[in-house]
Amino acid sequence: MVVTGLAVGAALGIVIQRGRFCVTGMLRDVFLQKQGRGLVAFFIVIAVHAIGLAALTSLGVISPEYRTFAPLAVAVGGFIFGLAIILAGGCASGTWYRSGEGLVGSWFALLFYGLSAAAMKSGFLSGFNDWMKQWDTGWTTLPQTFGVSAWWFAIPLALATAYVAQRYLTRDAAKPKVTLQQPWYRKPLHPYTAGAVIGLLGVLAWPLSAATGRNDGLGITTPSAHLMSYITTGDGKFLNWGTLLVLGILVGSYIAAKVSGEFRIRVPDARTSVRAIFGGIGMGVGASLAGGCTVGNGMVQTSLFSYQGWVAMAFIALGVFVGAKLWLKPSGVKQGSADSGVYTTDESISDPQLAGVASRETEVEEAPKFNIVSAGGGVGLKTKPKQATTARPLGNGRYALDTLGAVCPFPLIEAKQAMSELEPGEELVIDFDCTQATESIPQWAADNGHSVKGFVQNQNAGWQITVVK
């Protein structure tokens with residue numbers, strides 16, 4: 001029966017990869033984009049999960065063990081976890097599925113996440129973990145506090161979530177975003193569809209897990225710690241339903257990314273690697289203190305209406321807010337100058353980007369030096385002089401922004417900065433290889449009234465989109 005963990009994990013990996021489902025991005029967008037569209041998808045998971053768990057509990061199929069609330073550990077741990085997932089570039093489940101897409105930075109984060117969680121739960125940091133949890137209120141869930149059924153919380157939450165989701169769907173229908181022209185099996189899932197399926201998988205996970213003696217549902221932190229313990233000790237007790245669940249997420253996300261042409265090994269630069277390592281360590285420490293991550297606390301404990309789940313999510317959101325303010329900023333690197341915008345006919349012909357070709361399949365020479373008026377007998381083509389911009393001037397009101405290698409949300413952050421420097425009618429050609437940006441950049445363009453002139457996938461996990469201000 002333990003193999004069902006692998007099956008549920010694989011299904012979960014496929015859904016979260018195709019739905020670009022990452023709670024970090026959902027919380028981050030509330031602060032960076034000033035919109036809660038993605039956060040509604042997260043509440044859909046909680047609502048579906050809450051209805052399902054209330055039904056299974058009422059029918060006697062499962063008997064959840066409710067955790068008591070240790071406020072200091074939960075608050076501190078949640079805040080640390082929120083900071084850490086900004087550094088790591090994704091939450092616990094997001095880090096697992098991005099590892100399946102070939103992001104080496106996520107591999108680093110995942111390794112140190114599992115190691116630090118193992119150290120907190122059963123290693124040299126376990127004493128600190130226990131000390132932080134000494135102050136325990138004994139409180140468990142809101143339904144138990146008020147002496148009512150969980151249905152009194154699950155139904156209102158589901159109705160409120162459905163109402164807000166419908167409002168966003170209606171609003172988005174009035175200004176639809178441009179999408180890639182792809183066969184159905186390569187199209188991404190709508191986040192709300194993904195949220196509903198994840199909620200159902202969470203409901204299914206509980207009785208399947210309980211059948212193996214693990215009285216719990218979806219979880220990432222403890223299974224990740226167990227995986228590291230199994231690898232280092234070989235003790236069979238660590239190879240359980242939860243361990244196979246997280247391995248299944250990796251397998252499922254890899255399959256989904258491979259089929260959709262979104263798998264490619266992407267090696268991060270030194271700065272991103274260091275951030276991923278520190279982010280992974282913080283994720284393991286924070287989630288262990290808080291009693292769970294954005295899955296264990298954010299999707300499971302919130303569905304049980306436990307104090308731990310909802311307080312942890314509040315402090316995770318606070319950590320994301322602070323982390324976004326500290327670390328999510330455009331690079332500020334300017335290209336071109338007041339004399340830029342000059343290139344030769346020969347350069348235009350030899351450089352596909354200058355010629356307006358929406359493809360990066362052909363290697364191009366180093367960007368031409370735009371302060372050179374003419375070279376080799378070419379005829380100088382001079383465009384309107386303007387100040388230096390974040391994007392590289394191509395001439396004729398077109399600019400190139402290369403964000404290949406940048407993890408989300410940096411392609412969008414850089415695009416917003418570059419667009420703010422352009423005049424209405426000018427075009428920004430953005431190259432990126434972050435799968436989340438295939439949704440976030442077109443949505444940003446639609447939300448802000450920019451038009452999309454072209455959107456193509458020109459390599460495995462490589463896209464180019466042209467946005468007109």
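Student: At 8% relative accessibility, does R20 count as buried or exposed?

Tutor: Bear in mind that this is a predicted model, where local features need pLDDT of at least 70, side-chain atom pairs count only at pLDDT 80 or more, and totals for chains, interfaces and linings use all residues. Residues are numbered from 1 along each chain as its sequence is written, and side-chain values use heavy atoms, with hydrogens and water left out. Buried means under 20% relative accessible area, exposed over 50%, partly exposed in between (1.4 Å probe, protein chains only). With 8%, R20 is therefore buried.

Student: What is the phi of R20?

Tutor: R20 sits in the loop between α1 (3-18) and α2; helices (H or I, at least four residues) and strands (E, at least two) are DSSP runs, numbered from the N terminus. R20 isn't a glycine, yet its phi is positive, at about 45 degrees.

Student: Which residue's backbone nitrogen lies 2.7 Å from a polar atom of the T24 side chain?

Tutor: T24 is in helix α2 (residues 23-32) and is buried, at 1% relative accessible area. Beyond neighbours within four places in sequence, T24 has contacts (heavy atoms within 4.5 Å) with residues including I85, I86 and G90. The backbone nitrogen at 2.7 Å belongs to C91.

Student: What is omega for the cis peptide bond joining C408 and P409?

Tutor: P409 is in the loop between β4 (398-402) and α17 (410-420). For its cis bond with C408, omega is about 10 degrees.

Notes:
A polar contact is a pair of N or O atoms within 3.5 Å; within protein, one must be able to donate a hydrogen and the other to accept it, and residues adjacent in sequence count only if both atoms are side-chain atoms.
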